[in-house]
Every structure is written in C-alpha cells, then in structure tokens.
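Reader: I am new to this structure. Please show me how to read it.

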Amino acid sequence: QTIYLKDYKVPPFLVDHVDLRFELFEEGARVYNSMEIRRNPEAEPGQPLELDGEGLELEGLTLNGLPLADSDYEVTSGGLRIEKVSDSFTLGVVTWILPQENTRLEGLYKSSGMFCTQCEAEGFRWITYFPDRPDVMARFRTQVEADKARYPVLLSNGNDVESGDLEGGRHFVVWEDPFPKPCYLFALVAGDLVEKRDTFTTQSGRDIDLRMYVEPRNAEKCDHAIDSLKRSMRWDEQVYGREYDLDIFMIVAVDDFNMGAMENKGLNIFNSSCVLASPDTATDAAFQRIEAIVAHEYFHNWSGNRVTCRDWFQLSLKEGFTVFRDSQFSADMGSPTVKRIEDATLLRTAQFAEDSGPMAHPVRPDSYIEISNFYTLTVYEKGAEVVRMLHTLLGAENFRAGSDLYFNRHDGQAVTTDDFVKAMEDASGKDLTQFRRWYGQAGTPIVEVSDEYDADAKTYTLNVRQYIPPTPGQTEKLPQHIPFSLGLIGEHGEDLPLKLESGETDAPTERVLELTEAEHSFVFHDVSEQPVPSLLRGFSAPVKVRYPWTRDQLLFLMGHDSDGFNRWDAGQRLAVDVIQSLINQPQELTVDPRLVTAFRQLLSDSNLDQALVAKMLQLPSEAYLIELSEAADVQGIHKARTRVLNQLALQLRDELLACYRRNREEGPYEPTPEAIARRSVRNTALSWLMHINDEEARLLALQQFGQAGNMTDQSGALRALVNSDFEEDRTKALGDFYDQFSQDPQVVEQWFSIQAGSPRTGTLPAVETLLEHDAFDWKNPNKIRSVIGAFANQNLANFHATDGSGYRFLARHILALDSTNPQIAARLVAPLTRWRNYGDVYREGMKAALEQIHAKPDLSKDVYEVVHKSLVD
Ligand code: ARG
Ligand code: ZN
C-alpha cells in the first residue's frame, strides 16, 4: 500500500469536461456526473478505464448515454473499472452519498447546518467516481440544487451563469469555471449565509467582485479578512506581476475543518478560526495569522491553481513556494525581522524535530502510504526555505525573472519541483544541479564552524564543515549547496569589511558564502583585530550552526550585531546555555548575572526596536530545549526554565513594572506593528511578574482583565492569572471569561487552550473535565486541537508526567478518533513519535502508547503510517 514517486506514469485517460449536478437533501445527496473522457495519446495504449471512488453508492452508469450491463464494469474497493472503452466517450455516473454522516471532513460534508467540501488531496473520490489525481485537469460545470429556505446560498467554482426556482420550494444555481483544474480544487457550498461584498480593481483595470460568506452571527467579523485579501491582491501584482483571473473571488468560513484553509479555484474555504476576527474576540496573533492565511490561499491562485502539481510528491511545488510568497508578504506588511524570527523559531523547534524523527522525509518525498500525512512542516516550511535560498542565491531580480518564466512556461500545466528549479536556472543562468539535493535529501544539515585569527598576518580564517545525519531510508548524504550569510564584528561593535583578497577595496561588510563542499576554509584579509563572527545572518539556510561562542561573545552580539535576527539569536543561545547549565542542579545555583543584566537592558532602553524587544524577551520554549537535547529530561528542562524565569522576574521586578506602565494601551485598538509590539512587551512583563505571584502585578492583571478593550490584552491578563498561584482570581477570571464569550466558538477555543496548555490548570484530571464541558465537541477539530492538542504540544510538564498517564490519555483518544476522523487522529500522534529522543523514564511509556495504538484492528492508513514508522527502526 506504499506509493512511490519512481512509479509515476502519465494518466491513461484525460477528462476534458465534467458536468456535475448535486441534489442536496437532509437524508443525503445525489450526484450526477457526466465526463467527456479521451485516451491520453502519451499513455500506453489499451489500458482499462479506472476511476477512483470511496464510500459511494452507485445508482447509475451510462456510456455514451446507454446503460452499462453489470458484466461491463466492476466496482473495486477503491473505485470503478471498465475494461473496454473506445478512445473517446462520455461516461455518466450517478452516486448517492451521506454528507451528514461524514465525520472525516473529506469530500462533501455538513458543518453547522451548511454543506461544504474539502477535496485536497484525495477527497473528490468521496463525492463521485473520477480520476482523482492532480494531472487530470478538466473544465467543470456544476449545478447545485437544494431547499431554498434552508440553503439560500449555493456556490461552486467560477461564475454563476444560471439560477432559478424548482418544485417543492427548491432552487438551483449553475456555476461554470472556465479554467481547467484538477478535481482537488473543486468546491461546493450551500447554506444560509450572509454575504459581505467589496470590489477590487486590478492593475489592468478589471473590476473583481469580492464576496465573503459567513453565518449571520459572524457578520461583524469579516472586515479584516477582506482588507487582507485586497492587500494580497495588490501585493501579488506589484511583487510578482500576477493579476487575478476570474470575475468573482469568494471566501467562505466553516466551523468544522481539518486544516487552516483551502485554495479552491475562485472559492476559498476557511476554518472559521483562520478568517473571522474582531478586536474584541481575536488576538494580535490571530489578526496576523488571518492576514497570512488569506494571502496564502489567494497566492495559490497562481502558485498552485494556474500552475499545479503533477502528483502529490510535488506538493511542495505549490506549498513551499506559496508559503515563501506569504512570508514575503507578511514581512512587507509588518516587521521583516520579526517575521523572520517567527519563521525560524517554527522551523528550528518543530521542523528540525520532524527532520530528526521517524517521519523524516525530503521536501519532495519519495514514498507515502497516506498523502494527508505529508502536509508537513518539511513540505511547507522547509520547502519555503528552499525557495528562499533560491531567492538569496539568484538575487531578487533574477528570482523574479525565474518566477515569470515559470508561470509563463507552465501556465495551465501540472508540473514538478524540478520544472520550477529549471525555470529558475534558465532565467538566471546559475547552475542549480547541486542545489536540487535540497529536494531529495531529508534531514537538517549541520554546519560546524571553527576559526583562527593570525595577528601577525592580519588574517582571519573560518573553517566550515557540513554534514547531514542519516534519516530513515537515507544513510549516505551528499553535501548541499548552502547560502551562508555572515559578518565579522570588531571590538567597538562595528561590522568589519570582508576582504577575501588582501587590499580589496570597497569590500562589503556582509557576504553570502556559497558552501558546496563538505569542508571549506575562507580567509579574510586585513583584519586588524580578533572579530566576533555573526554567522548565518537572517537565518540564510535551514541548518544548525555550531560554533563555540562564549557567553561574553553572545552578550556582545546581543548588543551590537547589525543583523536583527542574529541579535535575537545570540540572546536565545545565551538563554539556552544558561537554562541547560541549571538542569538538575542544586537550588542554590543562581542564574548568570550577565543574563539578568542583558534582560534589564532590554526592558529599560525604550529606544530599542520594541518589536524586536518583544521577541528577545521570550525565553526559548520547552519544546525547543527538548529538540536540542539528546535524551530529553522534560521535567528537568521544565524546572530549570521555570527557575530562570522566576529569578529574572524577582531581580527585574521594578524594571518589569516600569516597562508595563510605560507600554500602557492608549486609544482605540489598532493591529499595527508598533501597537502589537507594545502589547506584546507589556503582556510579557505582566506574565513574568505573575510567575512570581507579585501582589502589585495581580492588581494590574485584574484591572487589565476587566478593562481591556481588545482580546490581546484580555486574554493576556487571563493567561497571566492562570499561570499564577492566585487561585481564587484565576478561577473567577476563567468563569467570567467563559460567561462573557460562551456564544463565540473562536473565543471558547482560546479559553480551552489557555487552560489545557498551562502547567498549572492543565493537569490531567482538569483536562479530562474540559472534555466533559458542554462546549466541547468531538466532531469539531478546533475543539480537539484546543484541548488535546494544547495539552500534548504545549503543556509538556503534564503531558510527560513520569507515570505515563499523559501518554495513555492521548493514546485512548487517538484510538477513538481513528474511527471518526483519521486525519485529525494521525496529527495527534506526532508528540509520541520521537520517543527515542527522550530520557529513559519517558521512552517506555511513549513506546507503549504507540504499541497500544498499533494493535487496533482496522487502523486507518493515516494513523497506521505514523505509528508504524515510529516503531520500526
Ligand atoms: N492546500 C491547503 C493549503 O495549504 C491545505 C490542504 C490540506 N489538505 C489536507 N488533506 N491535508 O492552503
Ligand atoms: Zn497552501
């Protein structure tokens, strides 16, 4: 049941046109599907016709309008097979499906009273028989019929060309999409929704209708998404020269959704939590996430829809490139340094963990059992880093020439990551042969750096060695092409010129060295003093850099590096070093006073870029500290980190209070980078003070909680209370918060995750109580993520309880979810998969939980793949 990239064959049949008619009822839905099919001239001749289909009740089958005899076709486990067909014909299929019983949330399903679809990657086969693969691109015409009162809004891809009333209070709308597309981009929505309208005029002067559809209670939560959409449309024109192609662009919000959002042609469907926002109910982080996801889905219209993937091994072709595009967009809309820090943090914490675990795979995987398991940080975020490295190596201008060539050359086609690199190569003239290894080799490269300063010769030599640890199925790796950006900093904090030859004039102070060999030595000339190296500036490649910086050197970089990212990184490295040195050490051992001084500086100097300060004040997460360990001691890490936090807060109490007061919120809520930075710094100060149960902070937190004019401050105060020992205040605040927002699912989800993710309120019995709460719903992925996901991924001290209770809890719920929503169940396995990287007290319990899941009969392939790969060596 493993599918291999090397087995790819072109589709034996192509579909030119599909005519769909959906009859939607309360008991089920009937789908009439008429396909114009012809033999692919490039395929091996004489093959039978095979269509994919799952969970379908076949009610009718016609070939060129005539019913097929039972002996002419065969219904197999995964589809339909017709042995003898001519070279070109029309096939009619009628199927009956049960959207209201669809808990997998793939194909057509019902979510809070509305019908909606999710077809990527292989959901269309749950709707009708079809060649469900992205290299079969057809023109779709879709008629949707339903009860008019219950479902006044009927949507599909493209333009609405016809509508009218039917007997029995029913009505219909016909949609026509002029662009051929793979069936994974098909979408249908039917519901009682309010419509928010806007328009956008393209650079060539075409007026586009923008329509957003939400349930009536969410009518006030649309503005931010629509504004974000308009900014995205303008940005894609300006930066990539890409204009929107249809006359209508629609966004729909649905409550039950497995992922964040989906880029269906002209009809993007979003998880409510990734699109609905108002200042009272959504945090700054949510505002930024929504802007980024709206942009991401919009950008897919070119990188994904106009040019799509040949097969699912090429997923990063659209996802890596589109994540890169949305990260450039977010950087342009806010602070580029902060955006870079956020991306690097996610990569180093979670993607590096994936890369060194049992599910490690290349950006272009070479095999899979269930493709849904490969919507990963590696395909998305590392894939985006690979595109970013191309941008760095080629320069902005050549990169743009490459993307123009790519879009022009492959418009309307289903292509490969290699076609993408080839376009970049052809447009720039740069040889990318070795660079392609980034797509095929799994694992995080390690770059080890050592240096020598020769005071007499005034030369400074950097010795750089790269290697990639083995990953499942890949033991030997070849060196990769790594853009390695660096600077050298002199004793007064200035960037030194980087002369690769003696006497070089106008040498730059920052260079991107291209690492291609396993080892290099770079000699810099006319260096008059021993410099401090600033390595991998801006996180120029997704690699781990090892260099023996002293704490004094890190402090120096924190204060002087002209690269904002590396200033932050120096602070992180210093904090990691301090925390690690305190793991399981006697209580008397105090935190290095130099770390206290550095944080005092950050809190007190209001001239510093507050957006950067907000990031620098965050201590490295427990998850990151675990990722850095060989045999992680979770409880030791948790205690050491908490100790550092408490000591910093005790020693910096006055500075924290002053900082809190200085950044007090004034005026109406605005999600500008400056205001966001201010709120972040202030809420961090508050949370530190509450960690030490400071009485003055308690009053400030209660006041902020009661008077906040926005969700960032209100939930910031709630979080601070939850993480303090003021038990009465915490209980009251949690109760008040719930009463205030019990009607708002997005806020209730935050309320769940604040509790389940907190080491204080998220003990196992407390989490089990949350699962019994009225607002909890096993059919809603957001609720599952906000309780079980938050517990297993954020509340590490409780999840990794040494009695194994957290693991058994997770295993039990994965087993239950495996039968209802395998995609969600498989995602929840992740926290158990890296059991080999934990200390002995954890390992056995994690492994036992995996074995318990593995033993279930009829395990879904989603869960089976992850669990099985975690258990084999
Ligand atoms: N293409 C969507 C996006 O990244 C995600 C679809 C996820 N589908 C899945 N089966 N995991 O925007
Ligand atoms: Zn995407």
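Author: Two ground rules. This is a predicted model: local features need pLDDT of at least 70, side-chain atom pairs count only at pLDDT 80 or more, and totals for chains, interfaces and linings use all residues. Residues are numbered from 1 along each chain as its sequence is written, while chains are lettered from A and ligands numbered from 1 in the order in which they are written.

Reader: How many helices and strands are in the protein chain?

Author: Helices (H or I, at least four residues) and strands (E, at least two) are DSSP runs, numbered from the N terminus. The protein chain has 26 helices and 31 strands.

Reader: What radius of gyration does the protein chain have?

Author: The radius is taken over C-alpha atoms, and the globule rule is 2.2 Å times the number of residues to the power 0.38. For 873 residues, a compact globule would come out near 29 Å; the protein chain has 28 Å, which agrees. Along its principal axes, the C-alpha trace spans about 90 × 65 × 60 Å.

Reader: What share of the residues is buried?

Author: A residue is buried if 20 or more other C-beta atoms lie within 10 Å of its own, exposed if 12 or fewer, and partly exposed in between; C-beta atoms are placed from the backbone. Here, buried residues make up 50% of the 873.

Reader: In what order do the strands of the open sheet run?

Author: Two strands pair if DSSP finds at least two bridges between them. Three strands form this sheet, in the order E28-E27-E30, with antiparallel pairing. Strands E28 (511-515) and E30 (532-535) are the edges, each pairing on one side only. E27 (residues 482-489) and E28 pair over five bridges. One bridge joins leucine 486 to arginine 511 in E28.

Reader: Which residues surround ligand 1?

Author: A residue is near a molecule if its C-beta atom, placed from the backbone, lies within 6 Å of it. Among those around ligand 1 are Glu120, Met259, His296, Glu319 and Tyr375. Strand E20 (261-262) and helix H2 (284-299) each supply at least two residues of the shell.

Reader: Is valine 379 buried or exposed?

Author: Valine 379 counts as buried because it has 27 C-beta neighbours inside 10 Å. Its place is in helix H5 (residues 377-410). Contact means C-beta atoms, placed from the backbone, within 7 Å. Not counting residues up to four places away in sequence, valine 379 touches residues including Leu315, Val363 and Phe374. Glu319 is also one of the residues that valine 379 touches, and Glu319 belongs to the surroundings of ligand 1.

Notes. Contact = placed C-beta atoms within 7 Å.
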